[in-house]
Amino acid sequence: AIVDEDPSVRRSAINALSIQGGPDAIERLVGIASDGQEGTRSEALFALSQQGGETAEAVLLDALEDPEVGQSALWGLRGMGSTRGAEAIRQVARDGGHPVGLEALIELGNDPSVEAGEILEENLSSDDPLRTMAALSALQARGSTASAEAIAGLFDSLPEDDPEQPSLRWE
């Protein structure tokens, strides 16, 4: 069923493996997550994140580097809630050239750690406007006093007539 051409059949087979659980199912899901079509691999990563454990976490950490399924791996790691996963997400958020760096920055809005707040504040002054906007969005999601102060500092630092940043200023 996993090699079937119909994506819904493949998805159903992956869901069945996820429900089955156990070492054999995890082994099959690991194989699917590393080989196959993008959608099937993403489904397998999600199923592995639901299974949890060191093997699933290791596969998700490896997949984080894959541009095709990195975002699925990021979401899976977030869902697992592991320390290694949170550290990996923060590391990806720091990396300006990472394929899922923007998504990781946004994800830091759900990370209450001081380190995540520092990463977000650093990215408010990024040369990349997309990173600045991702950090701004994540800081808004955090909703803390420190986040509000960082956002206010960003707006206070903008020149009145900066043609480069018109979307950041509203009056």
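Is Glu68 buried, partly exposed or exposed? In this predicted model, Glu68 is partly exposed, because its relative accessible area is 44%, and buried would require under 20%. Its partner makes an interesting contrast: Glu68 meets Arg41 in a salt bridge, 3.0 Å from N to O. The two link distant parts of the chain, with Glu68 in the loop between helix 4 and helix 5 and Arg41 in helix 3, 27 residues apart. Arg41 is buried, at a relative accessible area of 9%.

That pair is one of 8 salt bridges. Another joins Arg11 to Glu43, whose closest N and O atoms are 3.6 Å apart. Arg11 lies in helix 1 and Glu43 in helix 3, so this bridge ties together parts that are 32 residues apart in sequence.

Now look at Asp111 and Arg90, where the closest N and O atoms of the salt bridge are 2.7 Å apart. Asp111 sits in the loop between helix 7 and helix 8, while Arg90 belongs to helix 6. Asp111 counts as buried at 12% relative accessibility, and Arg90 counts as buried at 10%. Shared partners join Arg90, Arg94, Asp111 and Glu115 into one network of salt bridges.

Let's turn to the nonpolar residues. In soluble globular proteins, nonpolar side chains tend to be buried together. Here the largest nonpolar core has 45 residues, and Leu45, Leu64 and Leu108 touch the most other members. Beyond its neighbours within four places in sequence, Leu45 contacts residues including Val59, Leu60 and Ala63.

Methods. Residues are numbered from 1 along each chain as its sequence is written. This is a predicted model: local features need pLDDT of at least 70, side-chain atom pairs count only at pLDDT 80 or more; totals for chains, interfaces and linings use all residues. Side-chain values use heavy atoms; hydrogens and water are left out. A nonpolar core is a set of buried Ala, Val, Leu, Ile, Met, Phe, Trp, Tyr and Cys residues joined through side-chain atoms within 4.5 Å. Buried means under 20% relative accessible area, exposed over 50%, partly exposed in between (1.4 Å probe, protein chains only). Contact means heavy atoms within 4.5 Å. A salt bridge is a side-chain nitrogen of Lys or Arg within 4 Å of a carboxyl oxygen of Asp or Glu. Helices (H or I, at least four residues) and strands (E, at least two) are DSSP runs, numbered from the N terminus.
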